[in-house]
Amino acid sequence: MRFRPGASGLALLAVCSLTLAGCSAGSLGSSSGSGSSGSVELSYLIGNQDQDLKNAQQLVKDFTAKNAGITIKIETRPAGTEGDNIVKTRLSTGDMPEVFNYNTGSLFQAIAPQKNLVSLSDQPYVGTLDDNFKNTVTADGQVYGVPVGGFMGGAVLYNIPIYKRLGLTPPKTWAEFMANSAKIKAAGITPVIQTYGETWTAQLFVLGDFHNVAAAEPDFADKYTKNQAKYATSPAALQGFVHTEAVHDAGFENKDFASAKLPDGLKMLATGQGAQYPILSGVVANMIATYPDAAKNVGLFALPGDDASKNGLTVWTPGADYIPKTTTGAKLDAAKKFLAFIASPDGCKSQATAGAPTGPYAVKGCTLPTDVPQAIKDMQPYLDKPGASSLALEFVSPVKGPSLSQITVEVGSGIRKAKDGAARYDEDVKKQAQQLGLAGW
C-alpha cells in the first residue's frame with residue numbers, strides 16, 4: 001500500500017514493499033463522530049490501510065468537534081484493483097457514500113469526474129491548493145478534489161555526515177552528482193546504493209527524472225500520450241536510462257546491488273555504509289522507525305539534470321477526497337464543509353496528529369511540524385519555489401508499461417545499454433496504450 005490513500009504506479013509499489021499489511025483486501029472497521037440528535041449524517045469511504053483509517057478518524061473527530069450538527073460514519077474498501085472496481089461500481093449504481101477518497105491523476109480521470117463528481121471550483125479554498133495537486137484533480141477546467149496526505153518525492157536520500165566530512169554539497173547537475181560520487185568512492189564508501197532485489201527501486205533514475213524532462217521538453221507528456229514522443233528518441237527523456245547505465249559503468253553501486261533489497265539499502269544509508277540512495281521519500285518513516293538517528297542524519301535532494309537553473313523535484317501527489325453527484329441537499333452542504341476543513345491548516349494539523357507527514361502538504365498555509373525528519377523538510381523548498389517541482393509522468397499521462405522495472409534492472413546491471421533499454425520500454429507501453437484506446441497508437 002501507499003503511505004496515504006490513492007495508490008498508483010511507483011508509489012503503490014513503494015508502500016507494498018514496506019507495510020506488514022501488504023496489499024490485501026478486507027475492512028478495518030468504521031468510526032463515527034458524535035453529534036446532536038437529528039443531525040446530518042455523512043458516510044466517508046476510505047482505503048483500508050492502518051494510516052488511512054487513523055487519518056480519517058482524526059479528521060472526523062476534529063471536524064465534528066467544531067460542527068456538532070454533523071456526524072460522519074467511516075466505511076473502508078480494499079486497495080488495488082479490487083478497490084478501484086468498488087469505487088467505479090458504486091459510482092455507476094449511485095450507491096457511493098457522500099464523501100470518498102480515491103486516486104488523483106489518470107485514475108481520477110477514469111472515473112468520469114464530469115459525470116460523477118461535484119465540482120469544487122467555486123469553493124474559496126481552491127486558490128490555496130498547490131498547483132501540482134490541483135492539476136491532478138481537474139477535468140475540463142473544473143476542480144473536483146481536496147488533498148489528504150502529503151507529497152512524495154522521487155529523489156536522492158543522502159547521508160549528511162558523509163557529505164559534511166568530505167566537504168560535499170547537494171548537486172544541482174548530473175556532472176556534480178558524478179563528481180561527488182567519485183569523491184565518495186575514493187573515501188572507501190559506496191557512492192550510490194541500489195537494491196535490485198526489489199525491482200521497483202531500479203526505476204528511480206527514470207521516473208524520478210521527469211522534472212528534468214518536463215523542464216527541457218514541456219510538451220513531452222502530451223506528445224508521449226499521443227505517440228508523438230519516445231524515450232529512445234527524446235534527448236531529455238533518454239537521460240534517465242543513460243544515468244542508470246552511467247552509475248553502473250562507473251562502479252558506483254554497492255557490490256550486492258543485484259540481490260540487495262529495500263531494508264538493506266536503508267540500513268546502508270542510515271549507518272553510513274552508503275552515501276546516496278535514489279528512492280521515493282515515502283520510505284523515510286520506515287527507515288527512521290529502525291534507525292532513529294536517520295531523522296537528522298539523512299537529507300534529500302532532487303535528481304539533478306544538466307541545467308542547474310532548472311533543478312527541481314519530481315513529485316507524487318497525495319490522494320484526494322471527492323463528493324459524488326448523488327450527494328444533495330443538506331448532506332451536500334455538510335460534505336462541502338467537511339472538505340473545506342480538510343483543505344485548511346486545521347485539517348493539516350489534524351492529519352499531522354494522526355501520523356508523521358510523508359512530505360509537504362498540498363495546501364498553502366499548511367506547515368510541517370518542527371519535528372519531521374530532515375529529508376522531509378528538504379522537500380519543502382522545491383514545493384515553495386515556482387517551477388522547482390513537477391508531477392511524475394504517471395499523473396499527466398496514462399501511458400505506462402509493465403516492464404520498466406525489469407528493463408531498468410538490466411540497464412543498471414550492465415546487461416542492456418541505455419538506448420536499447422529506452423527503445424524496449426517504448427515497445428512495452430504500446431499494449432497498454434492500445435488497451436486504453438488512445439489516439440495515435
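Student: Why is Pro-171 called buried?

Tutor: Buried means under 20% relative accessible area, exposed over 50%, and partly exposed in between, with a 1.4 Å probe and protein chains only. Pro-171 has 3% relative accessibility, so Pro-171 counts as buried. The model is a predicted one, in which local features need pLDDT of at least 70, side-chain atom pairs count only at pLDDT 80 or more, and totals for chains, interfaces and linings use all residues. Residues are numbered from 1 along each chain as its sequence is written, and side-chain values use heavy atoms, with hydrogens and water left out.

Student: Where is Pro-171 placed, and which residues does Pro-171 touch, not counting residues up to four places away in sequence?

Tutor: Pro-171 sits in the loop between α7 (160-165) and α8 (174-186). With that exclusion, Pro-171 touches Tyr-163, Glu-176, Phe-177, Asn-180, Phe-301 and Pro-304, where contact means heavy atoms within 4.5 Å.

Student: What makes the span of helix α2 agree with its number of residues?

Tutor: Helices are DSSP runs of H or I with at least four residues, strands are runs of E with at least two, and both are numbered from the N terminus. The expected span is 1.5 Å times one less than the number of residues. Helix α2 (residues 50-66) has 17 residues and should therefore span 24 Å; its end C-alpha atoms are 25 Å apart, which agrees.

Student: Which elements do the buried residues of α2 pack against?

Tutor: They pack against β1 (40-47), β2 (70-77), β6 (146-148), α16 (329-342) and α17 (345-354). The buried residues of α2 include Leu-53, Ala-56, Leu-59, Val-60 and Phe-63.

Student: Why are α12 and α22 called oblique to each other?

Tutor: Axes are lines fitted to C-alpha atoms, for helices over the stretch in contact, and angles run from 0 to 180 degrees between N-to-C directions. Angles under 35 degrees count as roughly parallel, over 145 as roughly antiparallel, 65 to 115 as roughly perpendicular, and the rest as oblique. The axes of α12 (residues 235-249) and α22 (residues 418-428) come within 8 Å and cross at roughly 135 degrees. α12 and α22 are therefore oblique to each other.

Student: What makes α21 and α22 roughly antiparallel?

Tutor: Helix α21 (residues 404-412) and α22 pack at an angle of about 170 degrees, with their axes 9 Å apart. α21 and α22 are therefore roughly antiparallel to each other. Leu-404, Gln-406, Ile-407, Glu-410 and Val-411 of α21 make the contact with Ala-418, Gly-421, Arg-424, Tyr-425 and Asp-428 of α22.
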